[in-house]
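Reader: I am new to this one. Could you walk me through it?

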Amino acid sequence: MRASTKERTFEKSGHEGGIAMARDAALVTTFGSIVRGREAKSLEVFQGFLTFLGKQAAEGRCSQPEPFFATDASNGMVIVRGKTDALAEITDSEEHDKLLAKGQMVVEDLKIHWYLTGDEEIERGTRIFAEAAGELGYM
């Protein structure tokens, strides 16, 4: 079961005046090899996924999807950027879930990774890491 928008821990950490602040993030969808015999369907699902994300971008929820393929054709990824609240709306939608279900049927190792991005997030993450390392006596 997937965490709802309200349960995502990265939603709650940026507060201003008691209101949760959306944070800069990227969704990185990675995939492995195509399941043998499902090559045509994999192209259909991939195009559907890019079309879905393109529609989300046109509606202002995220950046245009940026697909990448490995030079040896072994795997690839698609990256979209946006605010955590808008990206959560995308990933919590039934249409997204159906596209993922289809993707699981035509490629190996389909995963979605959430990454926080931007100067503030990198500074925050670095500070927290240094504090934790200091508390453990490693720094």
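Reader: Is R61 buried, partly exposed or exposed?
Author: R61 is partly exposed, because its relative accessibility is 29%. Buried means under 20% relative accessible area, exposed means over 50%, and partly exposed lies in between, with a 1.4 Å probe and protein chains only as cover.

Reader: Which residue forms a salt bridge with R61?
Author: E89 does, with the closest N and O atoms 4.0 Å apart. E89 lies in helix α3 and R61 in the loop between α2 and β4, so the pair ties together parts that are 28 residues apart in sequence. Through salt bridges with shared partners, E59, R61 and E89 form one network. A salt bridge here is a side-chain nitrogen of Lys or Arg within 4 Å of a carboxyl oxygen of Asp or Glu.

Reader: Before going on, what kind of model is this?
Author: It is a predicted model, in which local features need pLDDT of at least 70 and side-chain atom pairs count only at pLDDT 80 or more, while totals for chains, interfaces and linings use all residues. Residues are numbered from 1 along each chain as its sequence is written, and side-chain values use heavy atoms, leaving out hydrogens and water.

Reader: What is the mean pLDDT of the chain?
Author: The mean is 89, and 86% of the residues reach 70 or more; pLDDT is the predictor's confidence in each residue, from 0 to 100. Over residues 1-9, however, the pLDDT is below 50, and this stretch has 18 contacts in the model beyond near neighbours in sequence. Residues 11-16 also stay under 50, with 16 contacts beyond four places in sequence. A contact means heavy atoms within 4.5 Å. Where pLDDT is low, the predicted coordinates should not be read in detail.

Reader: How many helices and strands are there?
Author: The protein chain has five helices and six strands, in the order α-β-β-β-α-β-β-α-α-β-α from the N terminus on. Helices (H or I, at least four residues) and strands (E, at least two) are DSSP runs, numbered from the N terminus. Of the 139 residues, 32% count as buried.

Reader: Tell me about α2. Which of its residues are buried?
Author: The buried residues of α2 are S42, V45, F46, F49, L50, F52, L53, G54, Q56 and A57. Their cover includes β3 (24-31), β4 (66-69), β5 (76-83), α3 (84-91) and α4 (94-106).

Reader: What span should the helix have?
Author: The 20 residues of α2 (residues 39-58) should span 28 Å at 1.5 Å a residue, and the end C-alpha atoms are 29 Å apart, which agrees. The expected span is 1.5 Å times one less than the number of residues.

Reader: What does I90 touch?
Author: Leaving out residues up to four places away in sequence, I90 touches F52, L53, Q56, R61, C62 and H96. I90 sits in helix α3 and is buried, at a relative accessible area of 2%. C62 is 28 residues from I90 in sequence and 8.9 Å away in space, C-alpha to C-alpha.
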